[in-house]
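Thank you all for coming.

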Amino acid sequence: MRVSRSSIGLAAGIGMAIVTSLSMVASANEFPSNNVRYVIPFGPGGESDISARLQQKYFEEITGEQLVVQYMPGGGGAVGWSQLKDMTADGYTIMGSNLPHIILKPMGKDVGFQAEDLNNFFYFHYSPDAILVRNDSPYETLDDLIQAAKQAPGVVTLSGSGTYSANDVANTRFQQLADVTTTYIPFKGTGAAVTALLGGQVQAEWGYTTVAANHQDKLRMLAVAAEERHPMFPDVPTFKELGYDMVGGAYRGMAVPEGTPVEIRQRLSDIFQQINQNPAFQQKMQDLGFVLIDVPLEEMPEFMAEQRRVYEETARELGLID
Amino acid sequence: MEILTYALGALSPVNLGLALVGVAAGIIIGALPGLSATMAVAVLVPVTFGMAPESALIMLGAIYTGAIYGGSYSAILVNTPGTPSAIATTFDGFPMAKRGDGDLAVTLSTLASVAGGLIGVLALLTLAPLLAQVALSFGPVEYFWLAIFGLTLISALSEGSTLKGFIGAGFGLLLSTIGVAVVGGDTRYTFGSQVLLGGIETVSALIGLYCIPVLIDLVATPEAHLKVDGEQRGIRLREGLGLAWLGKFNLFRSASIGTLVAILPGAGGSIASLVSYSEARRASRQPQTFGKGNPQGVLATEAANNATVGGGFIPTLVLGIPGTPPDAVILGALLVQGFRTGPELFTTNASITYTFIAGLFLATCLLLPLGLLIGRYAFKSIITIPKALLVPTIAFMTVIGTYAIRNSISDVVIMLTLGVAGWLLNRYGFRPSPIVLGLILGPIAEQGFVQGFLMGRASGAMFTTFFGGPISLTIIALSVVSVFYPIVKERLARRRGDPGSRGSHKEASS
Amino acid sequence: MSNAMPKARVSRGEIRAACSARAEYLLPLLFIALGSLCLWQARDMSQLGAVFPVTIAAVMILASVLRLLQLTLHRVIDNVERHQDSTPRRVLLVVAMTGWALIMPWAGFLLAGLASFFFLMLIAQHKPWTPRRLLGHLMTGVVLVACFYGLFALLLNVPLPMGRWFMG
C-alpha cells in the first residue's frame, strides 16, 4: 500500500518536474513549442472572446501551435486578473487584458490585483465608444439628443454595460463635455444593453461600433469616439468633428504573469503584431466593427501611462477616488 | 420546400457521423456535474474552424443538444442537476431512482427530451421572427416581475412549511448579492475576501446544495444508493411510452412553456423547467404525489429544458442576442466564420441557417437511440458499482466539476461549505430548492428592479413604469394566482372533506 | 434527508419538528441574526446597491418572526422517526473533501485526487476489507482518476493544478 502510493507520488512529481524544466529551458526562438493557453477573464460570446477567436486561427498559422481559449468569468474580470500572478510564468499562459477595466476596477477598493500587476505585452485593438439609437428614433444627430437632454435634464435614458465600466466612464465624460445630464442605466453586459435599446426601454445606448456592425438593420450611431471615421460607417461623425474631445472605448490586449522572461514577452508581442498585420485578419476585424491598433511591448509603458491619466481624471469625476 | 434540400444536405454520411459523435459526447459531458453545455461547445469551437461551415454547425448543435439532455442523468441518478435547467428534474427523478425506478426515469427523460426538443426546433423553424419580438417586449420591469413570479413558485413547490420556504429563498437571494454588483458597482458581503468578489457561481452552488448532502448521507449507512429490484427490466421502453402517451398534453404544454421562456435572454432554462413543473403539478389530479416520484414531473421538466435549445436560438439567430450561454458561444463561432445574424440569416445565409436547424432536428432524433443506450449504461453502472467506489467517484466529479467551471479552488471550497450548510438546513426542514431558486432569480430580480427604478425616476412616472405594461400586469396576475391558488384549493378540498389534500398540508416533512 | 412521509398523522394544532423541537426555534433566530448582519453591513453601500439586500433581509427577518409566532401558537413535537446513522463517517467525508480541495494546489491534481479517492473509499466502506477487494478497488480507483485526468486535462484543456510543491 504505502509503497504504491508514494511511488505514484514520486512518479507524478518527477514527471511534472521534467515538464516544467523542459519548458523553462526552451529558448525564446523556439517559443512556442507547445499550445498556448489564452485565458479570457469574461464569459464566452463577448467581444473579448470573439476577437480572441479570430486571433486563434492566425496564431496557429504563424507558430504551428494552438492558442487554446478558456474563460474565467466573474467580478467583471477581477476573478481572472487577480489569479494571473499565480499562474505559470513561462509564456504558455496569457490572459486577455482590457482597458479601462484594469485601471478602473482596482480604484478605491481591493479587488485582488493592481493595474501594475498585469504585464501587458501587446494591445491589439479597440472598440470605439458610440452612442446608438434605433432607426426610428427622433434623434437624427447627436445635437438632437443634446438638445433633448438640455431641455429636460435626466429624462434621456442611455443603457450601457455595467457601473464604473467603459460605458459609464464615457457617459460621465460626455455629460461633462456637452454640459448635460442624462440617466445612465447599467445592464449586465452589452447584449442586455442592446436588448433594452431594441425593445424601446431606453432612448439611446452607450455601445461600440461593433454593436452597430452587429445590428446594422435596426440601429444607427449618432457619433463615434474614434480619431477617424470608421471605414464601415463613413457617414457617422466622430465626437471630435462635432467639437467634443472624446476618443476612447474598450481597448483589448494580452498580459502574462509576473516573472515571464523578457525574451518570451518580446516573442509573444512579435507574434501578435504579425497577426495584426495579416490582411485577412484585418478585414474580419473591420467587418465586425473593431479598430486595430499596434501597441507592442516597447510602447506599452507610455500607452498605459497616458490611458491612466485619462481615466484617473474621469474616475475623480465619478467619485471613485479623491 | 427548400428546407428539405438543406435537410438532405445535413444527412450526408459525414454530417451524420459528426452529429452522432456530437450527441454522444454531449450526453457524456452533460452527465458529469459541473461540465456544462457551454464548456462542451466552447471546447469544440476551435476544432470546427477547420471544418466546412455546415458540418461545424451541425456538430455544435449536436453537442449542445446532447449536453442539455445528459444533465438529466446526474439529476435522476445522484440528485445533482448538472445545469440549472435540470433542477426540477431532481424533484421527481431522484425519488423515482431511489425507489428502484431509475431506469424508467431515464427512459422517460429521453422520450420527453426528444419530444420537447422537436417542438422547440419546430418553433425555431416556423415562428422565429415572430417570437423574437416577444424577447424585445421584455424590459427590465418585466424581468423583475418574472423573477417575482418565479419566487412565488416556492409556495407551490415547498413541501413542509411555506414560511420555511420563504426564509430559504431569502437566504438564497442574499447569497446572490455577494460580490461586485452589476448595477451600482458596490462590493457587497465579501467580508474583505477577494475570493467572494466574483460572487457565488450558480452551478457550483447547485452541486454543493444538491450533491454533497447525498454524499454525506451515502457514507452514513451501509444501504445501497438506489434500490434495485431483483429482476432486470431493461430500458422499460413500453412502460415509458405508455406514461408519455398519458402525459401527452403535459409534454406539449411543458415544451411550449420551455420554448417561450427560453426566448427571453438570461431567464432561460431554469425558469422554464420550474414553471412547467409547477404547471404540470397544478394540472394533475394527484398533486400530492409530485415531489415523491411522479413520472409526469420528470416528463414536464425534461420536455421543457430540451425545448429551450430551439427556443434559445430564436433571439440568437434573429436578433443576434444570445438566449443562453451556449448560444453565446455558437453565436461567436458564427461571427468568426463571417456570418451575420438578423434577417440575412434567413435570406442570404439561408442555406447555413436551415442546415443548422436541420442539424438540430437530426441531433434531437439521434437522442432517442443514443440516449436510451447510454442511459441504460449509466443506470447500470450506478447500481452495480459498490458503494466504496461510488462515493469517491461522485466526490471526484463534484470537486473536479466545480473546479473546471472557472478553474478556481475557491469555488470548490465554497461548494463544500454550501453543501454542508445545505445538509444541515435540510435536516432542520429547509429544502435546497428555495435557496437555489433565490440564488438564480436574485440577480434577475435585483437588476430588473434597479433598472426599472432608474427608468421610472427618469420618466417621472414610477408607478406606470412598474404597473403600466400589459405584460407586467399579466405576470403580476399570474403571481397572485400562484400564491393563492394552493390556499384556495386546500380550502375547497377541506370543505368537501377530501383527505387527499392532507398530504400536501404544511409540516408534513420529515 | 429522507423524503418519506411521516407515518404518524400529525393532528391539527401540532407541528412536527423536522428534527428536535428546540432546533425548530433556534433556526429562525439564526436567520434573524443573519438578516440583521446583512442590514448592518448595508449601511456602507450606495443607495442603488443597498435597496435589494435591505428589502430581502427585512423580508427574511419578517418570515422568521412569523415562523416563531406560528411555533408558539402550536404545540411542537420532536421528530422521533428521524434516522440515527453514522455521524463520524459524515464528518470524515466532509473533512476529507475539504482537505482535498485545500491540498490540491500544493500537491497537484493527480496526487491529491488519488489520495482522496483512497480515503473516501475507506470512509464509504462498511463491510470488512479483503485483500482482493482492496486491490480491485484500488486498481479501479487509479483507472478512474486517470480517465478523469485525461478527459479534463487533455480533451477539455482544463488547467488542472500541477502542484506547487513540485514547481519549485
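Let me begin with chain C, which, read along the sequence, follows the pattern β-α-α-β-α-α-α-α. That amounts to six helices and two strands, where helices (H or I, at least four residues) and strands (E, at least two) are DSSP runs numbered from the N terminus. Please keep in mind that this is a predicted model, in which local features need pLDDT of at least 70 and side-chain atom pairs count only at pLDDT 80 or more, while totals for chains, interfaces and linings use all residues. Residues are numbered from 1 along each chain as its sequence is written, and chains are lettered from A and ligands numbered from 1 in the order in which they are written.

Of the 168 residues of chain C, 34% count as buried, a word that here asks for 20 or more other C-beta atoms within 10 Å of a residue's own, with C-beta atoms placed from the backbone. Among contacts in chain C between residues at least 6 apart in sequence, 74% join residues at least 24 apart; a contact means that the two C-beta atoms, placed from the backbone, lie within 7 Å.

How many residues do chain B and chain C bring to their contact? Chain B gives 56 residues and chain C gives 65 residues. On the side of chain B, the elements that supply two or more residues include helix H3 (37-48), helix H8 (202-220) and helix H17 (432-459), and the largest share, eleven residues, comes from H15(B). By class, this side of chain B has 36 nonpolar, eleven polar and nine charged residues, with Ala, Val, Leu, Ile, Met, Phe, Trp, Tyr, Cys and Pro taken as nonpolar, Asp, Glu, Lys and Arg as charged, and the others, Gly among them, as polar.

Staying with chain B, helix H2 (residues 13-31) has 19 residues and reaches 27 Å from its first C-alpha to its last, close to the 27 Å expected at 1.5 Å a residue, the expected span being 1.5 Å times one less than the number of residues. Among the buried residues of H2(B) are B:Leu18, B:Val23 and B:Ile27.

Finally, chain A is assigned domain 1 (2-127 + 250-318) and domain 2 (128-224), with bounds that come from an automatic or database domain assignment. The C-alpha centres of these two domains of chain A lie 30 Å apart, and their contact takes 16 residues from domain 1 and 14 residues from domain 2.

Technical notes. Buried ≥ 20, exposed ≤ 12 C-beta atoms within 10 Å, placed from the backbone.
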